[in-house]
Amino acid sequence: MIKLQNLRKDYYMKKRAVTALKRIDLTIAKGEIFGIIGHSGAGKSTLIRCINLLERPTEGTVEIDGVDLTRLGARDLQKARQSIGMIFQHFNLLASTTIYENVAFPLRLAKKPQAEIDRKVNELLSLVGLTEHAKKYPAQLSGGQKQRVGIARALANDPKVLLCDEATSALDPMTTHSILRLLADINKKIGITIVLITHEMGVIQEICDRVAVIDGGEIVEDGPVAEVFLRP
Ligand code: ADP
Ligand code: ADP
């Protein structure tokens with residue numbers, strides 16, 4: 001489903017290169033919950049942002065369902081991105097519009113008819129348990145509720161992949177637990193492939209099927225969670 005081959009990412013700052021990723025080879029199966037763990041600066045953000053080409057890899061390929069995104073032109077890439085949802089540590093909601101409109105936003109961008117937008121937004125708000133909050137604004141919600149909005153918005157265009165960038169790092173342990181349960185439920189219900197990055201072992205152990213450990217821009221281990229973390 002997701003295949004990264006020989007990925008490398010260099011950032012250039014005043015002609016000095018910082019290598020954030022190198023020799024990344026990773027295959028993530030359809031329907032899997034795949035975790036990427038590493039310390040701050042290890043390259044997690046860069047890696048997850050390369051999967052939807054928010055960062056353009058310096059070298060290597062990013063295949064989703066057999067299509068190499070690095071070869072697509074702007075138009076095709078924009079289309080391909082609709083099949084990849086993303087949620088963020090700080091939620092990235094639009095502060096001046098309602099919860100309803102935050103979730104509707106990707107559907108409006110995709111020029112869906114109003115009736116379909118209505119149906120889809122209501123279905124998504126129900127899925128994440130926020131039906132009663134549709135008319136509120138983000139500032140009126142708790143952190144966990146805001147992330148639920150982020151999840152609903154990310155699912156609006158029925159993506160095949162959900163990327164989670166430190167999605168629970170700004171939340172307390174109870175709220176983290178409830179967001180992880182929601183992600184696991186959604187994974188089960190609609191079979192969506194989930195890729196998450198975190199610096200917290202507990203997150204990986206709670207919901208991931210497989211994990212890759214990243215250090216200094218390289219994957220140093222990868223396999224089923226129980227194997228990777230129980231190795232002597
Ligand atoms: P993590 O998410 O694991 O904290 P990052 O992917 O953010 O790691 O960063 C990996 C390395 O790349 C770090 O050395 C970081 O300073 C560097 N880096 C990340 N983004 C940029 C950028 N936009 N410009 C220059 N260097 C960057
Ligand atoms: P996170 O750990 O959530 O990725 P960071 O503070 O590492 O947060 O990064 C926030 C933003 O700053 C990202 O867009 C990242 O690419 C960029 N960034 C990270 N490190 C650097 C750096 N050394 N120079 C320039 N930009 C950076």
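Guide: A residue counts as near a molecule if one of its heavy atoms lies within 4 Å of it. The model here is predicted.

Visitor: Which residues surround ligand 1?

Guide: By that cut-off, ligand 1 is surrounded by Tyr 11, Met 13, Ala 20, His 39, Ser 40, Gly 41, Ala 42, Gly 43, Lys 44, Ser 45 and Thr 46. By class, this shell has 4 nonpolar, 6 polar and 1 charged residues.

Visitor: Which elements each supply at least two residues of the shell around ligand 1?

Guide: Strand S1 (2-13) and helix H1 (44-51) do. H1 gives the most, with 3 residues.

Visitor: What makes the approach of Thr 46 to ligand 1 a polar contact?

Guide: A polar contact is a pair of N or O atoms within 3.5 Å. A polar side-chain atom of Thr 46 lies 2.6 Å from an oxygen atom of ligand 1, so the pair meets the cut-off. For Gly 41, a backbone N or O atom lies 2.7 Å from an oxygen atom of the ligand. In the side chain of Tyr 11, an N or O atom is 3.5 Å from a nitrogen atom of ligand 1. The protein covers 63% of the 560 Å² of accessible area that ligand 1 has on its own.

Visitor: Why is Leu 94 called partly exposed?

Guide: Buried means under 20% relative accessible area and exposed means over 50%. Leu 94 has 33% relative accessibility, and therefore counts as partly exposed. Leu 94 lies in the loop between strand S6 (84-88) and helix H3 (99-109).

Visitor: Which residues make the nonpolar surface patch?

Guide: Leu 94, Phe 105 and Leu 109 make a patch of about 280 Å². Patch residues need over 30% relative accessible area, and Leu 94 has 33%.

Note on methods:
Residues numbered from 1 in each chain as written. Chains lettered and ligands numbered in written order. Predicted model: local features only at pLDDT ≥ 70, side-chain atom pairs only at ≥ 80, totals over all residues. Heavy atoms only, no water. Patch = residues over 30% accessible without salt bridge, like charges linked within 9 Å, V, L, I, M, F, W, Y side chains within 5 Å. Areas by Shrake-Rupley, 256 points an atom, 1.4 Å probe, with all protein chains shown as cover. Salt bridge = Lys/Arg side-chain N within 4 Å of Asp/Glu carboxyl O. Helix = DSSP H or I, 4+ residues; strand = E, 2+ residues; numbered from the N terminus. Buried < 20%, exposed > 50% of the residue type's maximum accessible area, 1.4 Å probe, protein only. Polar contact = N/O pair within 3.5 Å; in protein donor to acceptor, adjacent residues only side chain to side chain. Nonpolar A, V, L, I, M, F, W, Y, C, P; charged D, E, K, R; others polar.
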